[in-house]
Amino acid sequence: MLGPSKSELISHDQEVCANPQKRLQYLLCQFVDVISSSFDAPVTLFLDDLQWADIASIDSVNQLLFTPDLSSSLSKRSNRFFFFGCCREGGINEQHPLWSVFCHANLLHVKYSNLQLRCFEEDTLNVMVSETLRLSPRLTWALSSIVYRKTKGNPLFVSRLMLSLSKNGLLRPNLKRRRWEWDEEQIQSQKLPDDVAMFITNSIEAQTEDVKSSISVLSCFGAS
């Protein structure tokens, strides 16, 4: 990967040089600036579970979005940086670090969209299943109806259930027919927990001891 030399990345600002966090934020901004100038597609940063984000992480997001030099540089290249974040409904309030991002956006008149993800309607779910399996909506309606009844249209539950069906061979590709096929009766007879958290918990419990041990270790990673 081509990039600037170290001397170009190191700031001459004594405060930035002396503060490790500000130095890292500066280097991150420079890195995004270099990458965004090298490709036609925008650089996209996606962060999930922002309700758990710490102050240092949110400060870095603020730097990327609102640093004057970087913002003007990116705007000249047709807004080549796109930030996409997700959080739980009700997980963000005025005391949360993420609130500062919204305040800065409003203060600097930076446009942003606030989207609320709701459960799928049955018709919408069928469209998703149809496009995923590359089949006509008419052919996937029976499968979609079963998935909808079992998941109540919860997007996370839907995705995990579809993966589970494929992993267990209940949803499988037929090479001769060159299409996906499934066993409606077996899928219908599957006993699933009503809560998506319990479904994921059961999926983790079904893993080997080595995998569960690795998940336990990885869950401890983070600023805390």
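Contact here means heavy atoms within 4.5 Å.

**Entry 1: overall**

I am working from a predicted model. I looked at contacts between residues at least 6 apart in sequence, and 60% of them join residues at least 24 apart. Next I listed the secondary structure of the protein, which comes to twelve helices and four strands. I then checked burial. Of the 224 residues in the protein, 27% are buried.

**Entry 2: the cores**

I asked how many residues the largest nonpolar core has. The count is 19. I noted the residues with the most contacts inside this core: Leu133, Leu143, Val147, Leu171, Trp182 and Ile187. Then I looked up which elements give two or more residues to the core. They are helix H7 (122-133), helix H8 (137-151), helix H9 (155-167) and helix H11 (196-205). H9 gives the most, with five residues.

Ile187 is then in contact with Leu143, Ile146, Lys150, Leu165, Leu170 and Trp182. Two of these names, Leu143 and Trp182, are also on my list of residues with the most contacts inside the core.

I also found a second, separate core of nine residues. Leu50, Val61, Ile92 and Leu98 are among them. For context, nonpolar side chains tend to be buried together in soluble globular proteins.

**Entry 3: H3 against H4**

I turned to helix H3 (residues 20-36) and helix H4 (residues 55-66). Their axes come within 9 Å and cross at roughly 40 degrees. That angle makes H3 oblique to H4, because roughly parallel would need an angle under 35 degrees. H3 passes H4 in a right-handed crossing.

Which residues meet here? From H3 I noted Gln21, Gln25, Leu28, Cys29 and Val32. From H4 I noted Ala56, Asp59, Ser60, Gln63 and Leu64. I sorted the residues of this contact by type: five are nonpolar, four polar and one charged.

**Entry 4: Ser130**

Last, I looked up Ser130, which is found in helix H7. Is Ser130 buried or exposed? Its relative accessibility is 7%, and the cut-off for buried is under 20%, so Ser130 counts as buried. I then listed what Ser130 touches, not counting residues up to four places away in sequence. The partners are Leu135, Ser136, Pro137 and Thr140.

Methods. Residues numbered from 1 in each chain as written. Predicted model: local features only at pLDDT ≥ 70, side-chain atom pairs only at ≥ 80, totals over all residues. Heavy atoms only, no water. Core = buried A, V, L, I, M, F, W, Y, C linked by side-chain atoms within 4.5 Å. Buried < 20%, exposed > 50% of the residue type's maximum accessible area, 1.4 Å probe, protein only. Axes fitted to C-alpha atoms, helices over the stretch in contact; angles between N-to-C directions. Parallel < 35°, antiparallel > 145°, perpendicular 65-115°, else oblique. Left-handed = near helix turned anticlockwise from the far one by under 90°. Nonpolar A, V, L, I, M, F, W, Y, C, P; charged D, E, K, R; others polar.
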